[in-house]
Amino acid sequence: MTKIKTVKADPRDVLTGEHYLDGNHASAEGGIAAGCKFFGGYPITPSTEIAERISQRFPKVGGIFIQMEDEMASMNAILGASWGGVKSMTCTSGPGFSLMMENFGLGIMLETPCVLVNVQRGGPSTGLPTLPGQADMMQARWGSHGDYEVIALCPDSPQESFELTIHAFNLSERYRIPVFVMTDECVGHMTEKVVIPGAEEIDLVPRRYTDKSPEEYWPYIPEKDLVPLMPPVGKGYKFHITGLTHDYRGYPVINAEVQEKCVRRLMDKIIKNAKDIIWIEEKDIEGAEVVLLSYGITSRVVQPAIEKAKKEGIKVGQIRLVTVWPFPEERVRELASKIGAYVMVEMNYGQVYYEVERCAAGKCKTVLVPHAGGTVHNPEDVYVAIKEAVK
Amino acid sequence: MSKTEIKITGFGGQGVILCGYLIGKAASIYDNKHATLTQSFGPEARGSACSAQVVVSDSRVLYPYVTHPSIMLAMSHDGYATHKNSMADEAVILYDQDLVKPEEHKAGVKVYGIPATRFAEELGRKIVSNIVMLGFFSAVTELLDREAVQKAVETSVPKGTEELNLKAFDKGYQYGLELKSEKAEAVTKA
């Protein structure tokens, strides 16, 4: 594994202290603490507070905020800013997320570090602007055309919105990929205590620059970990990048052989490093009859149901997906033969559930507790599903 | 593990959300508790019905929304009427008596009125009526440490308005104390 150096956050960017913040403001502070210096976005409920806070804070930390003409332009702007040498981010919700998908794919193809926060609301279309959903999870996975792998993080609180936005920046620099923070209206508009540590306690992955001279440098020669290094800006590096299938030089080559090489590596740089990327929290798995999976706000809402089931003697284990993508395939597959059932709770009509079903491969029962969005699950429904699962 | 659900209702512009924010901030930053604030976030929150919900707990709040509040701060009759039937048994309802006309409640519900907007006007700014309500809430419910709430007010209101807001808080607090002791006396006499 390639050793990655980290640096400490810049104290000027970190609002150290105890705050009472909503998830959106906390996410903005996470981005700023991570050293983000460019934000391009288009306001949309329920994500707008991220843009608002960044627009207020950026003048104090030397960042540039642009309200773009739409979400397609926003996504392009953050890609351009990233190639211009700064960390960049945007935020949006459902309809804007759809519009960002094409240029998100460009970010994947160009291998551009940046962060996209999607504060999910109920869909489809304009749906429920002011109410929560978790129904963009598959769009995050497959929303742009072509084959690729993604990284998506799901915070369960304002505190985690802060922490995971920093983590998203670190992963994006580490693997040269746009990273999703998939939060939701509930977390985004929920206000809780957020502890922002001192800058010396925040580790950041700096941009991975080439040490080759401008004459020797090509933009797509990967390191051992399959991630190519970027050129420093303003140092005389001249190079070409394109959304077209390209070779190591970054020039378009339109044939099957280069396509295989190009796409294979885009996938493998995530697949082969998945063990380092995947972050799940397990509880009471040993001897569990049923394992409940959840992510984001849902992982909090299920707790009263789990407690109630446990009091009745049902052995309930849990897996909280902090990263939903890449999906913890290996773990879910392995556990399937040791337990009676998986219960997947998510605020949609079954998205990540299909991954659970696929990995369980018939070795255990899989139960979905769906919800169309608009509010969080009623813990009682989750309890009933747990009871059903152990029948 | 003790958990208290609080609902604050009124019109957009009365400082309903700020009032909820201050309760949550006082609890979680200055009173060593956990507090989660959520708010009605519909387009209707502009100028008409508006509400904030706070869950205050000794341990981490898991379910973020308020379902059966045991405390209500009512700053409009509409808000009061909409939510009064979802209150827990033995709930405490605090209301601005010039804006809310209380109706019949089930036995066990305690109701306390205060002319919060009038007090705020006497202090010079109608806009601080939410802080009068906050002081009233602090005295009547004793849920949070008084100093914690004052500190939340001091650190959150716009610079230059601290004194006015703390006065508003005190006004509500003192009124709450008096009303409580009156009620206690009435009970003793009865």
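α12(A) gives the largest share of the lining of the second largest pocket, three residues, where helices (H or I, at least four residues) and strands (E, at least two) are DSSP runs numbered from the N terminus. This is a predicted model, in which local features need pLDDT of at least 70 and side-chain atom pairs count only at pLDDT 80 or more, while totals for chains, interfaces and linings use all residues. Residues are numbered from 1 along each chain as its sequence is written, chains are lettered from A and ligands numbered from 1 in the order in which they are written, and side-chain values use heavy atoms, with hydrogens and water left out.

**Second largest pocket**

- The lining comprises 17 residues, of which A274(A), I278(A), P326(A), F327(A) and E329(A) lie nearest the centre.
- At least two lining residues each come from α5 (137-142), α9 (274-277), α12 (329-336) and α13 (352-360) of chain A.
- Because domain 1 (7-204) and domain 2 (280-390) of chain A both give residues to the lining, this pocket lies between them; the domain bounds come from an automatic or database domain assignment.

**Largest pocket**

- The lining has 18 residues, and Y20(A), L21(A), H25(A), R53(A) and Y21(B) lie nearest the centre; a pocket is an open set of points on a 1 Å grid over the protein atoms alone, where a 1.4 Å probe fits, with protein on both sides within 12 Å along at least five of seven lines, and lining residues have an atom within 4 Å of a point.
- β2(A) supplies the largest share of this lining, five residues.
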